[in-house]
Amino acid sequence: MALKIENISKTFDATPVLRDISLFTEDGEFLALLGPSGSGKTTLLRIIAGLEQPDAGAVRFRDKDLLAKPVRERRIGLVFQHYALFRHMTAAQNIAFGMNAKPRKLRPSRREIRDKVAELLSLVQLDGLGGRYPSQLSGGQRQRVALARALAIEPDLLLLDEPFGALDAKVRRELRRWLRDLHERTGLTTIFVTHDQEEALELADRVALLREGALEQMGTPEEVYHEPASAFVFDFLGDSVSFPCEIKGGVAVIAGAGVPIIGPHPNDGAATAYTRPNGFDVSPGDGPGLAARVRSVLLAGPDARVDCVLDGGGAIEMRLPLDVARKLAPRDRVTVTPRTVRVW
Amino acid sequence: MSDPSRLERRSHAARDPGPMAAVFVVLTVGFMAVALILPLLAVFVEALSKGVGLYLNAISESDALSAVRLTLLVVVIAVPLNTVFGLTAAWAVTKFEFSGKQLLLTLIDLPLSISPVISGLMFVLLYGAHGWFGPELRAMGIQIIFDVSGIVIATTLVTLPFVARELIPLMQAQGKDEEYAAATLGASTWRTFWQVTLPNIRWALLYGVLLCTARAMGEFGAVSVVSARVRGETATMPLEVEILYNEYNATGAFAIASLLALFALVALIAKTVLENQFAGDLAAQRRH
C-alpha cells in the first residue's frame with residue numbers, strides 16, 4: 001500500500017467538509033477522487049499535499065506519517081486546477097524551480113538541471129517551448145508545463161486537481177489519453193480529482209466516489225458502474241430515471257408491471273426504482289406498465305431521444321434504438337416499462 | 001469574452017464617442033486646466049518672474065538647501081519604513097487567515113481619512129512636553145516634538161497606507177496558489193518570497209513607493225504641527241515655502257515650491273511610465 005488515509009475529518013467554519021474518510025492507493029495506481037462540487041475531494045487532495053491540516057485522522061505514505069512533515073518535505077507533486085505557474089518565469093524556469101530549490105548539497109549541477117528540463121519538456125511534448133512565458137502558452141500547454149514542473153522534483157506521489165477542468169472538450173480528450181500513456185510510462189502513483197464521471201471511468205484504475213465529505217463507494221470503474229452502492233452513485237455515474245414502485249415478492253411492481261430487480265433487494269413495501277434512459281421497452285397502446293403520451297421524438301444521433309409525459313404526472317426522457325423510435329410519433333399513446341431496475 | 005459579437009459591439013461603442021462623451025471630455029479638461037494645470041504653471045512663472053539669477057540664488061541659499069536636505073532625509077527614512085510595513089501588512093492580509101483581519105485593513109486606511117493636522121496633534125498629545133509620555137521622554141533626554149524625529153514620525157504615519165494599499169488588491173487578485181506551488185516544490189518561505197511573490201508584485205510595489213515618496217515630500221499638515229519651524233533646522237520644503245511666503249518673500253517661496261513641484265512631476269512621470277509597464281503586466285496576468 002502506497003498511500004493510506006485513515007479516518008480523515010475536516011471542518012471549515014463549523015461546516016464539515018470531510019467526514020471520517022478512509023482510503024488507500026496501491027503502488028503505481030491511478031486513483032480518481034470523483035464527486036460533485038462541494039464533496040470535499042479537493043480538500044482531501046490538499047490535505048495529502050499538506051496545504052490543509054485535517055482535524056482528525058492520519059495520512060501515511062509507505063508507513064511513514066505524512067502529516068508530521070511540512071509541505072516542502074513531502075515530495076508530493078501537485079498540479080493545480082489553474083496550473084499556478086510562476087507567471088514571471090519561462091516554462092523552463094518553472095520546471096527547474098523545484099530542482100533549484102533543493103538544499104545546496106542535494107542540488108543538481110546547472111548542466112544536470114538543464115538536461116533534466118530538456119528531458120521533461122520532451123516528455124510533455126513541449127520541445128523548443130522552454131523559453132516561452134506562461135502567458136504565451138495555450139491552456140493545454142500550461143497544463144503540461146505544470147505537470148513537468150511537478151515531475152521535476154521526482155515526487156513519490158502525483159496529485160492532480162481537476163487536471164482538465166479549464167480546457168475545452170477536444171483538448172480534454174486528447175490530454176486524457178496522453179496522461180494515461182504518461183502514467184503507464186512513469187508508473188507514478190497518481191491521484192486525480194475530477195467531477196467528470198466519464199473522465200474518472202476512462203482514466204482511473206480505481207474510483208473513489210465522494211458525497212458531502214464522505215466516501216460513498218470505492219472500486220474499479222467497472223465495479224462502481226455496474227454495482228453502484230447507492231442511488232447517489234448510480235445517478236452520478238450516468239443519466240438516470242427514477243420512479244416510485246412497490247416491492248413485492250422480489251420484483252418491483254411499477255404500474256401493474258412486475259420488473260426484475262438487479263443488485264440488492266430491499267424489503268417489501270414502497271421504494272424508488274432507478275434505471276438508465278436506454279433501459280426501457282416501449283409498446284403502443286395500453287397494457288401493464290406506465291401509461292404515457294409521446295411528447296417528442298428526436299432522431300438525430302446514434303440512438304433516438306424520446307420524451308414521454310406520464311399519465312400519473314412527470315416525464316421520462318428515454319434513449320431508444322432508432323428503428324423503435326421511428327414507429328413513434330408525438331401524441332401517440334404508449335406503455336413504458338423498464339426492463340430491469342435497481343431499487344434503493 | 002468568448003462571444004465575438006459582444007466584443008465587437010463593445011469596441012464599436014468605444015470608437016464612437018458621441019456628443020455626450022465630447023461634453024464630458026471638455027468639462028474634465030476644462031476643470032483640470034483651471035484647477036491643476038494653470039496653478040502649476042503659475043508656480044513656475046512666479047518663481048522665474050524676477051529672473052533666473054534670483055531664482056538660482058533663492059534655491060541655493062543655505063536655508064533652502066537645508067530644507068531640501070531635511071525633506072530628503074524624511075523621505076529616506078519614512079519611505080523604506082512604509083515599504084517594509086506595506087509588504088508585511090499585504091503579505092499577512094493576503095496570504096494568511098487570522099481574526100481581526102478586517103480591523104487591520106480598516107486601520108491601514110485610517111491615516112488617509114483623518115486630517116494630517118489631527119495626526120500631528122496626536123503626536124503632540126503623546127510626546128509633547130505636556131503630553132502623556134512627555135515627562136518620561138524628557139527624563140531620558142529625548143525630544144520628539146519640535147525636533148527632526150517628530151517630523152519623521154509624523155510623515156511616516158501620514159504616508160503609511162500608500163504601499164500597502166497598492167499591494168493588497170493585487171496580491172488578493174493573484175491568490176495564494178503560486179506560493180503553495182512553490183512550497184510543494186520544496187521552496188522555503190524565504191525563497192518563495194524573493195523568487196515568487198516579490199517578482200509578481202514588483203511594479204505595484206514600485207508604484208506604491210513612488211506615491212509614498214511624493215506624499216512624504218509634500219506632507220505639510222502633520223509636519224507643521226510637530227515642527228518648531230526653525231529655518232535651516234526643522235523646516236521641510238513645504239514648511240519653508242510657507243515661512244517664506246509669510247515673510248512676503250514671494251520669489252523665495254515660489255522657487256522652493258517650484259522645486260517641490262518638480263520633484264512631484266518627476267515622481268508622476270516615473271509613475272506613469274511604471275503604470276504602462278504595470279498595465280502590460282496585469283494584462284499578461286489576466287491572459288495567464
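In the hairpin formed by strand 1 of chain A and strand 2 of chain A, D13(A) takes a positive phi near 45°. This hairpin has 2 residues between its strands. Helices (H or I, at least four residues) and strands (E, at least two) are DSSP runs, numbered from the N terminus. The model is predicted: local features need pLDDT of at least 70, side-chain atom pairs count only at pLDDT 80 or more, and totals for chains, interfaces and linings use all residues. Residues are numbered from 1 along each chain as its sequence is written, chains are lettered from A and ligands numbered from 1 in the order in which they are written, and side-chain values use heavy atoms, with hydrogens and water left out.

Strand 1 (residues 3–12) of chain A pairs with strand 2 (residues 15–25) of chain A in the antiparallel sense, over 7 bridges. Pairing requires that DSSP finds at least two bridges between two strands. I8(A) stands opposite I21(A) in strand 2 of chain A.

L320(A) lies in strand 18 (residues 315–320) of chain A. Its relative accessibility is 2%, so L320(A) counts as buried (under 20% relative accessible area; exposed is over 50%, partly exposed in between; 1.4 Å probe, protein chains only). Leaving aside residues up to four places away in sequence, L320(A) touches F280(A), V282(A), D303(A), A304(A), V306(A) and L328(A). Contact means heavy atoms within 4.5 Å. P302(A) is 18 residues from L320(A) in sequence, and their C-alpha atoms are 9.7 Å apart in space.

In chain B, the axes of helix 4 (residues 62–95) and helix 11 (residues 189–218) come within 9 Å and cross at roughly 135°. Axes are lines fitted to C-alpha atoms, for helices over the stretch in contact, and angles run from 0 to 180 degrees between N-to-C directions. Helix 4 of chain B and helix 11 of chain B are therefore oblique to each other (under 35 degrees is roughly parallel, over 145 roughly antiparallel, 65 to 115 roughly perpendicular, the rest oblique). Residues making the contact include V75(B) and W91(B) of helix 4 of chain B, and F193(B) and L205(B) of helix 11 of chain B.

F146(B), not a glycine, has a positive phi of about 70°. F146(B) is in the loop between helix 7 (134–139) and helix 8 (148–158) of chain B, and is partly exposed at 45%. Y248(B), also not a glycine, has a positive phi of about 60°. Y248(B) sits in the loop between helix 13 (237–246) and helix 14 (250–287) of chain B. Its relative accessibility of 77% counts as exposed.
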